[in-house]
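Subject: Structure for your review

Dear colleague,

I would be grateful if you read my notes with the structure open beside them.

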Amino acid sequence: MQAETTRDIGVVALEWRGDSLALLDQRLLPGEERWLTLSTADEVFSAIRDMVVRGAPAIGISAAYGVVLAARSALESEDWLARIESAIENLAESRPTAVNLFWALRRMREPLAVVASALEAVEQLERQAVRIHQEDLAANLHMGALALEVIGRDAPEPISVLTHCNTGALATGGYGTALGVIRSLWKSGKLSRVYADETRPWLQGARLTAWELQRDGIPVTLNADSAAAHLMAGGSIKWVIVGADRITANGDVANKIGTYGLAVLARFHGVRFMVVAPSSTVDMQLASGRDIPIEQRTGEEVRAIRGIAIAPEDVEVFNPVFDVTPADLIDVIVTEKGVIEQPTQEKMVALFGGK
């Protein structure tokens, strides 16, 4: 996948170079655009853990390329298969909530069952990783079209929408999930404005979403998370459109902390709520959102912003990265496999299979 910037798919944040993975360091945006070149699976692990790359689909794609790097480093080893397996297990520990990570690593294990040599493993794993990357971009484009049909049914005039965190090209293999839908709305003339929650504490909406949308010429207004209710009460926002890090068998959705509150506000104000995510985000092995492991991160992320203290240094902090939105607060789930309106377990099973 070659890096390019176009208004068709948005800025590309990760690039496979054959013997290395290049990542746009999202911790530094929008102030600085710095690319990091990773040559080992351990470096990919650190980049995922430290949020150089973030967004469930992009995490899965990066991990897939990390497996390729592990295979390359094991070319001269007699225990090459064991070393690749060890790297897969290590990469799985980088982030606990985004199921795309585990889905991608399962996909990367498939070629290992049939290869006969280390060289063949490198070749087959690289093909698989590139395939995962390309499939994600195609899925995002298709989800944009599906969501456009749903929103277009009751939006004869251009509408304003609100989004949370960053779900764009930065978080995926290109185009974006929720932000991909927003791109499709804009291209079709059905979008007037995007309101982007700043998304504390990592400020993905402020640093990344606002940057992406401005870069593509899409009208965006940045707002504090706590202003969302006031915006909805004004009546201009018709949809809240968000991504997901894991969707369970009953339609519950784990997404960036603050999403649950937006769903409650949307229901009260009569604003429709849409979740957009590839099928790799769906985990039919988990019955409900109560079963999702929620990552907790350091309190320093809340007590300070880029090293500048904004709270007492010894204050106790509660810092979950995600929350769970119950299915009965969600109007629509859009995946590349289809659309589920008013999600239930029965509808999820009908589309994705399982018990």
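The notes below describe what was found. Please keep in mind throughout that this is a predicted model.

I begin with an open sheet whose three strands follow the order β3-β4-β5, with antiparallel pairing. Strands β3 (14-16) and β5 stand at its edges with a single partner strand each, so one side of each has no neighbour in the sheet. On average, neighbouring strands here are turned by 20 degrees against each other, direction ignored. Between β3 and β4 there are three bridges, and the two strands run antiparallel. W16 has L21 in β4 as its bridge partner. Helix α2 (residues 56-73) packs on this sheet and touches β3, β4 and β5, its direction making about 25 degrees with that of β3.

**The nonpolar cores**

In soluble globular proteins, nonpolar side chains tend to be buried together. Which residues have the most contacts inside the largest nonpolar core? They are I84 and L125, in a core of 39 residues. At least two residues of this core come from each of β3, β4, α1 (41-49), α2, α3 (80-91), α4 (99-109) and α5 (118-152). Helix α2 supplies the largest share, ten residues. Leaving aside residues up to four places away in sequence, L125 touches V67, V68, A71, I84, M108, P111 and L112. There is also a second, separate core of 27 residues, which includes L231, A244, A277 and F352.

**A covered strand and its partners**

Strands of a sheet pair through backbone hydrogen bonds, either parallel or antiparallel. Strand β9 (residues 237-242) pairs with β12 in the parallel sense over four bridges. Strand β17 (residues 332-335) also runs parallel to β12, joined to it by three bridges.

Another open sheet has four strands in the order β13-β10-β11-β16, and its pairing is mixed. Here β13 (282-283) and β16 (322-325) are the edge strands, each with a single partner strand, so one side of each is left without a neighbour in the sheet. Strands β10 (residues 246-248) and β11 (residues 253-256) pair in the antiparallel sense over two bridges. Within that pair, R246 has A254 in β11 as its bridge partner.

**A covered helix**

Helix α6 (residues 178-187) is mostly covered, with eight of its ten residues buried. The buried residues are A178, L179, G180, V181, I182, R183, S184 and L185. Just after α6, G189 takes a positive phi of about 80 degrees.

**Backbone features in the loops**

Most residues other than glycine have a negative phi, and most peptide bonds are trans. Some places in this model depart from that pattern, and they are set out here.

- C165, in the loop between β6 (159-163) and α6, has a positive phi of about 65 degrees although C165 is not a glycine. Is C165 buried or exposed? Its relative accessible area is 8%, below the 20% cut-off, so C165 is buried.
- L203, in the loop between β7 and α7, has a phi near 60 degrees, a positive value in a residue other than glycine. L203 is buried as well, with a relative accessible area of 15%.
- The peptide bond from R200 to P201 is cis, with omega near 5 degrees. P201 is found in the loop between β7 (191-197) and α7 (204-215).
- The peptide bond from L29 to P30 is also cis, with omega near 0 degrees. P30 is placed in the loop between β4 (21-24) and β5 (35-38).

With kind regards

Conventions:
Residues numbered from 1 in each chain as written. Predicted model: local features only at pLDDT ≥ 70, side-chain atom pairs only at ≥ 80, totals over all residues. Heavy atoms only, no water. Buried < 20%, exposed > 50% of the residue type's maximum accessible area, 1.4 Å probe, protein only. Pairing = 2+ DSSP bridges. Axes fitted to C-alpha atoms, helices over the stretch in contact; angles between N-to-C directions. Contact = heavy atoms within 4.5 Å. Core = buried A, V, L, I, M, F, W, Y, C linked by side-chain atoms within 4.5 Å.
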